[in-house]
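Dear colleague,

Please read them alongside the model itself.

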Amino acid sequence: MQVTSKATVDVAITSDLMCPWCWVGLRNLQAASKQSNIRTNITWKPFMLRPNIPDEGQPKDGTPASRVGTHLRQAGEMAGINFTGLTDRTPNTMMFHATLKMLQDDPHVDAATVTEYHEAVFEGYFTLGVFPDEKGLLEAATKLNDDNRVASKIKQLYGDSSILDKHKHEVRQEADEASYSGISGVPTFEFNGRRAFSGGQSVSTFASYLEHFAAQNNAVDDK
């Protein structure tokens with residue numbers, strides 16, 4: 001299918017930080033975008049798989065090696081991800097979602113930077129063994145090549161309990177809306193506002209959807 005090199009598709013990803021397939025799905029989407037020469041404009045929507053976990057997290061059973069199944073390990077390797085199982089606690093992801101929402105709502109932070117930050121938190125949690133509390137979430141921001149602008153915004157957020165509580169409240173509402181709309185698993189992907197599928201699908205599947213929706217965009221532009 002022929003699409004222009006300037007084609008862009010809006011992609012919304014409903015996800016939760018503790019879901020490893022959300023990272024695999026993102027990487028496969030990125031690979032498909034590069035392969036098909038179709039740009040993506042990614043936005044993130046919150047989902048909380050285990051909302052009742054305490055703020056300090058919940059200890060995980062087993063060893064790092066036993067926490068990563070063979071299928072996930074292989075899928076990670078294919079996507080360039082090293083799932084280590086080093087983080088020994090399952091997090092409550094509300095603080096992460098509130099942080100991401102603040103960044104996504106900030107007109108001075110572009111979508112690519114939001115996704116870059118999200119990946120830094122993914123890497124911390126799934127590869128480096130960094131628990132995503134306030135300290136870990138700030139540490140992820142220092143990985144960005146942005147003169148610590150994102151880190152400064154996050155520090156400001158954590159220093160203002162009223163703004164932080166506002167974002168948490170909005171995250172709860174959005175996560176509930178996702179459940180009410182029929183989403184029961186993540187990642188769930190929408191292309192140009194249309195819900196398509198769930199799961200960390202293959203690069204070829206993502207490429208097929210990108211090409212389809214990019215062609216639709218081109219058809220509209222040509223009218």
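How much space lies in the largest pocket? In this model, which is predicted, the largest pocket holds about 340 Å³ of space. Its lining is made up of 17 residues, and those closest to the centre of the pocket are Met-48, Pro-51, Asn-92, Met-94 and Met-95. Two helices, H3 (94–105) and H7 (161–180), each contribute at least two residues to this lining, and the largest share, five residues, is supplied by H7. Sorted by class, the lining of the largest pocket comprises nine nonpolar, six charged and two polar residues.

The second largest pocket contains about 300 Å³ of space, and among the 20 residues that line the second largest pocket, Thr-14, Trp-44, Lys-45, Pro-46 and Glu-174 are the closest to its centre. Here strands take part as well as helices: strand S1 (8–15), strand S2 (39–46), H3 and H7 each give at least two residues to the lining.

Which element supplies the largest share of the lining of the second largest pocket? That element is H3, with six residues. As for the classes, the lining of the second largest pocket has seven charged, seven nonpolar and six polar residues.

With best wishes

Key. Residues numbered from 1 in each chain as written. Predicted model: local features only at pLDDT ≥ 70, side-chain atom pairs only at ≥ 80, totals over all residues. Heavy atoms only, no water. 1 Å grid on protein atoms, 1.4 Å probe; cavity = no way out; pocket = protein on both sides within 12 Å on 5 of 7 lines; lining within 4 Å. Points joined across faces, edges and corners; volume = space filled by probe spheres on them. Helix = DSSP H or I, 4+ residues; strand = E, 2+ residues; numbered from the N terminus. Nonpolar A, V, L, I, M, F, W, Y, C, P; charged D, E, K, R; others polar.
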